[in-house]
Amino acid sequence: MARTGDHARAVTASALGALDFTLDRGSPVPLYHQLAQQLEAAIEHGVLAPGNLLGNEVDLSVRLGLSRPTVRQAIQSLVDKGLLVRRRGVGTQVVHSQVKRPLELSSLYDDLVAAGQGPTTRVMRNEGVPAGPDVAAALGVPEGAEVTVLERLRLTHGRPVALLCNHLPAELLDLDTARLESTGLYRMMRARGITLHSARQTVGARTATGQEAARLDEEEGAALLTMRRTTYDDTGRPVEYGTHLYRASRYSFDFQLLVRG
């Protein structure tokens with residue numbers, strides 16, 4: 001019977017063989033960077049999956065006709081991004097792809113599904129609480145009025161990527177915990193006939209506390225991206241106030257900038 005390591009090597013050899021590396025030696029873009037970009041794209045699109053092994057630098061350099069230092073530099077750039085890891089006695093292994101999320105009104109769950117990231121959810125809290133000042137102002141309810149608070153841990157490929165905290169008007173919809181662990185909040189809203197129309201959102205950054213780091217499988221003090229969002233339906237009613245934390249090592253926002261004028 002084949003060993004697990006042998007299977008991983010066979011899968012990766014097949015995956016690498018299916019890749020069509022295009023290296024332009026006349027380009028001003030360094031060859032290591034061209035190789036790194038194409039390997040990163042293969043990881044992002046699932047051609048190279050978490051756990052796959054890349055083989056050693058000598059084999060890659062021979063196959064691609066590149067020097068060993070060039071291949072080493074390409075691999076190191078992806079190690080630095082957290083996409084690859086070097087394991088003693090194992091070799092260079094794919095860890096995960098970074099989640100790149102478009103800056104538009106969509107849910108993390110839907111974005112992860114669309115990217116083939118296999119999202120799962122752990123509901124850590126689902127209960128009614130009195131609205132504090134920030135929540136009351138965002139949802140347009142009196143301070144102290146009952147609202148529903150959700151705290152969820154979102155994972156991809158079994159590894160944490162985000163801590164999500166959402167407050168919603170108590171009467172908005174029935175938030176069944178089992179259902180929340182099998183689908184996304186926005187999908188549940190749409191199923192209830194709630195049409196999401198617009199949102200106000202603020203993106204920032206800070207370091208992780210000890211508790212946050214433990215939940216997100218990071219080191220205390222690791223960089224986190226923050227997002228605060230108030231979402232409105234097509235009648236202008238606030239339906240959600242979210243304060244979310246994302247692992248900067250596994251998550252980024254994509255912007256498209258246009259010239260105005």
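Angles under 35 degrees count as roughly parallel, over 145 as roughly antiparallel, 65 to 115 as roughly perpendicular, and the rest as oblique. The model on screen is predicted.

**Stop 1: α2 and α4**

Select residues 31-44, which form helix α2. The axes of α2 and α4 come within 8 Å and cross at roughly 45°. Therefore α2 and α4 lie oblique to each other. Their crossing is right-handed.

Now show side chains. On the α2 side of the contact, pick L31, Y32, L35, A36, L39 and E40. They meet T70, V71, Q73, A74, S77 and L78 of α4. Colour this contact by class: eight residues are nonpolar, three polar and one charged.

**Stop 2: α3 and α4**

Keep α4 selected. The crossing of α3 and α4 is right-handed.

From α3, highlight E57, V58, L60 and S61. From α4, highlight R68, V71, R72 and I75. By class, this contact holds four nonpolar, one polar and three charged residues.

**Stop 3: the largest pocket**

Clear the helices and move to the largest pocket. It holds about 430 Å³ of space. Select C165, R206, T243, H244 and L245: of the 22 lining residues, these are the closest to the pocket's centre.

Which elements give two or more residues to the lining? Select the strands β6 (146-156), β7 (159-169), β8 (196-207), β9 (223-233) and β10 (238-247), together with helix α9 (210-216).

Finish by colouring the lining by class. Eight residues are nonpolar, eight are polar and six are charged.

Definitions and conventions. Residues are numbered from 1 along each chain as its sequence is written. This is a predicted model: local features need pLDDT of at least 70, side-chain atom pairs count only at pLDDT 80 or more; totals for chains, interfaces and linings use all residues. Side-chain values use heavy atoms; hydrogens and water are left out. On a 1 Å grid over the protein atoms alone, a cavity is a set of points where a 1.4 Å probe fits but cannot get out, and a pocket is an open set with protein on both sides within 12 Å along at least five of seven lines; lining residues have an atom within 4 Å of a point. Grid points are joined across faces, edges and corners, and a volume is the space filled by probe spheres set on the points. Helices (H or I, at least four residues) and strands (E, at least two) are DSSP runs, numbered from the N terminus. Ala, Val, Leu, Ile, Met, Phe, Trp, Tyr, Cys and Pro count as nonpolar, Asp, Glu, Lys and Arg as charged, and the others, Gly among them, as polar. A crossing is left-handed if the near helix is turned anticlockwise from the far one by less than a right angle, and right-handed if clockwise. Contact means heavy atoms within 4.5 Å. Axes are lines fitted to C-alpha atoms, for helices over the stretch in contact, and angles run from 0 to 180 degrees between N-to-C directions.
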